[in-house]
Amino acid sequence: MYADDRVLVGVVKRAKDLEIMRRELWYRIPERQLPRGLNAEYIAFFLSGKCFREGGGRIGYFARVTGLELARRRDLLPDETLRADERYYKIQFRHLAPKDPPIENQPVRSISFVRTTWDRFISAEFISDLYDTSDFYVDRVYHALRG
């Protein structure tokens, strides 16, 4: 894990999707949501909706990306016919790790996808910390040499 490893935060709204992540170790994102591709070494998961009912949700898990493929929804979720022909990135991982402590959504804000770096992610307490632009995160070389 390097400070500038890229982390993509995705949203998990359905209990079924959380169960797939835990049991089958993959997560899906519509291709149209990521027109420039995944471009991340890690994926983190913002739990909202039925997966997390308290407050405004939280980032509770993360994983190192180990595989990526493009598949139609019908192949990923054969029992669901809605949007069956849409293409999705199937992001695979070997281990789903809990984020301890989780990253809280305070103040509550709507979340879609967040791109951040490993150092911001690992030290964040709140969603807003993922966007931190303080010198420590922006000028890593300077702070590393001073350290």
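Mentor: We will go from the overall layout to the cores, the pocket and some backbone details. This is a predicted model, in which local features need pLDDT of at least 70 and side-chain atom pairs count only at pLDDT 80 or more, while totals for chains, interfaces and linings use all residues. Residues are numbered from 1 along each chain as its sequence is written, and side-chain values use heavy atoms, with hydrogens and water left out.

Trainee: How many helices and strands does the protein have?

Mentor: Helices (H or I, at least four residues) and strands (E, at least two) are DSSP runs, numbered from the N terminus. Here there are five helices and eight strands. Their order from the N terminus is β-α-β-β-β-β-α-β-β-β-α-α-α.

Trainee: What share of the residues count as buried?

Mentor: Buried means under 20% relative accessible area, exposed over 50%, and partly exposed in between (1.4 Å probe, protein chains only). Of the 147 residues, 46% count as buried. As for contacts (heavy atoms within 4.5 Å), take those between residues at least 6 apart in sequence: 64% of them join residues at least 24 apart.

Trainee: Which residues have the most contacts inside the largest nonpolar core?

Mentor: A nonpolar core is a set of buried Ala, Val, Leu, Ile, Met, Phe, Trp, Tyr and Cys residues joined through side-chain atoms within 4.5 Å. The largest one here has 21 residues, and Tyr27, Ile43 and Phe45 have the most contacts inside it. At least two of its residues come from each of β1 (6-12), α1 (15-24), β2 (26-30), β3 (42-47), β4 (58-64) and β6 (87-92). The largest share, three residues, is from β3.

Trainee: Which residues does Ile43 touch?

Mentor: Leaving out residues up to four places away in sequence, Ile43 touches Leu8, Tyr27, Ile29, Phe62, Ala63, Val65, Ile91 and Phe93. There is also a second, separate core of 17 residues, with Val9, Ile59, Phe62 and Phe121 among them.

Trainee: What is the volume of the largest pocket?

Mentor: On a 1 Å grid over the protein atoms alone, a pocket is an open set of points where a 1.4 Å probe fits, with protein on both sides within 12 Å along at least five of seven lines; lining residues have an atom within 4 Å of a point. A volume is the space filled by probe spheres set on the points. The largest pocket has a volume of about 490 Å³. It is lined by 20 residues, and Val11, Lys13, Tyr27, Arg28 and Pro30 are the closest to its centre. β2 gives the most to this lining, with five residues.

Trainee: Where is Pro101, and is Pro101 buried or exposed?

Mentor: Pro101 is in strand β7 (residues 97-104). Pro101 counts as exposed because its relative accessibility is 53%. The peptide bond from Asp100 to Pro101 is cis, with omega near 0°. The C-alpha atoms of Pro101 and Glu125 are 7.7 Å apart, although 24 residues separate the two along the chain. A cis peptide bond also runs from Gln106 to Pro107, with omega near -5°; Pro107 lies in the loop between β7 and β8 (114-117).

Trainee: What is phi of Asn39?

Mentor: Phi of Asn39 is near 50°, a positive value in a residue other than glycine. Asn39 is in the loop between β2 and β3, and counts as partly exposed because its relative accessibility is 42%. Arg83, another residue other than glycine, has a positive phi near 60°, and is found in the loop between α2 (73-76) and β6.
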